[in-house]
Amino acid sequence: IHSNLHESLSGLRRQRLHRQVATTLARMKPEAYEALAYHHFQAGDFELARAYSLKAGERALTTYANQEAEKHFRLALELNGPELEKAQALSGLGRALYQQDRFGEASEKWHEVIPLYRALGDLDRLARTYAWLSDTERQRGNIVEAIRIGREGLAAVAGQPVTVGLATLLRETSNACTMHDLKTEENASFLYRALSISEELGDIPGQAEILARLGFGVAFPPNSDPT
């Protein structure tokens, strides 16, 4: 019945009804991002549909609803927004794919993101993207490539203000170097610099993770047997 009623309406009338539903939802349930994205899309209000799709995707990521997140980010990309929203959608899609262990696809998306954040001058997100990409290549077993990406990212943001993204990139670059047993002293300097940045910015989770890495490194130096 619902389908028949819907199909019996003209296209313009359907759009008006979806727009009315979206307006009511925005007033009564402003955090119903998924429904708002759908109704704005059906109404032809693509700018709002994009914005709510991005919000819905980010929320889905936090609950590990990765397939839902993937769907929302793909819709945002299909709606072809400005460069910033395209970068956010690609970045989110990469994370959704990563969390489904689809590392090759995630890597492709993050390679697309890097030039966008460079052009936008968003160095925090640029550093985060390099960190995620380095970690993804490490997960795929491409350790040398993970190190190369990490160092390329550090060069790209060198001399810029410190950010959480930079601390994350330093940590991931160290992780890749450690797996390659490469320049242990340099690894430690990466981690201590990351710790200093995290302390400066009040990033408690970041501090905890870096301290754990340092503690493990002190207790079990490279080539030792922790058992």
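This is a predicted model: local features need pLDDT of at least 70, side-chain atom pairs count only at pLDDT 80 or more; totals for chains, interfaces and linings use all residues.

Trainee: Okay, at what angle do the axes of H4 and H5 cross?

Mentor: Roughly 160°, with the axes of helix H4 (residues 46-62) and helix H5 (residues 66-78) coming within 8 Å. Angles over 145 degrees count as roughly antiparallel, so H4 is roughly antiparallel to H5.

Trainee: Which residues in H4 meet H5?

Mentor: On the H4 side, Arg-50, Ser-53, Leu-54, Ala-56, Gly-57, Glu-58, Ala-60 and Leu-61. They meet Asn-66, Glu-68, Ala-69, His-72, Phe-73, Leu-75 and Ala-76 in H5. By class, the contact of H4 with H5 has eight nonpolar, four polar and three charged residues.

Trainee: What about H6 and H7, how do their axes cross?

Mentor: Helix H6 (residues 83-98) and helix H7 (residues 103-120) have axes that come within 8 Å and cross at roughly 155°. That makes H6 roughly antiparallel to H7.

Trainee: And is the crossing of H6 and H7 left-handed or right-handed?

Mentor: Left-handed. The residues of H6 in this contact include Leu-84, Leu-90, Leu-93 and Tyr-98, and those of H7 include Phe-103, Trp-110, Val-113 and Leu-116. The contact of H6 with H7 divides into 13 nonpolar, three polar and six charged residues.

Trainee: Switching topic. How many cavities of 30 Å³ or more does the structure hold?

Mentor: One. The largest cavity has a volume of about 30 Å³.

Trainee: What lines the largest cavity?

Mentor: Leu-123, Asp-124, Val-157, Gln-160, Pro-161, Thr-163 and Leu-166. That lining has four nonpolar, two polar and one charged residue.

Trainee: Which helices supply at least two residues each of the lining of the second largest pocket?

Mentor: Helix H8 (123-139), helix H10 (164-179) and helix H12 (204-219). H10 gives the largest share of that lining, with five residues.

Trainee: How does the lining of the second largest pocket split by class?

Mentor: Three nonpolar, three polar and seven charged residues.

Conventions:
Residues are numbered from 1 along each chain as its sequence is written. Side-chain values use heavy atoms; hydrogens and water are left out. Axes are lines fitted to C-alpha atoms, for helices over the stretch in contact, and angles run from 0 to 180 degrees between N-to-C directions. Helices (H or I, at least four residues) and strands (E, at least two) are DSSP runs, numbered from the N terminus. Angles under 35 degrees count as roughly parallel, over 145 as roughly antiparallel, 65 to 115 as roughly perpendicular and the rest as oblique. A crossing is left-handed if the near helix is turned anticlockwise from the far one by less than a right angle, and right-handed if clockwise. Contact means heavy atoms within 4.5 Å. Ala, Val, Leu, Ile, Met, Phe, Trp, Tyr, Cys and Pro count as nonpolar, Asp, Glu, Lys and Arg as charged, and the others, Gly among them, as polar. On a 1 Å grid over the protein atoms alone, a cavity is a set of points where a 1.4 Å probe fits but cannot get out, and a pocket is an open set with protein on both sides within 12 Å along at least five of seven lines; lining residues have an atom within 4 Å of a point. Grid points are joined across faces, edges and corners, and a volume is the space filled by probe spheres set on the points.
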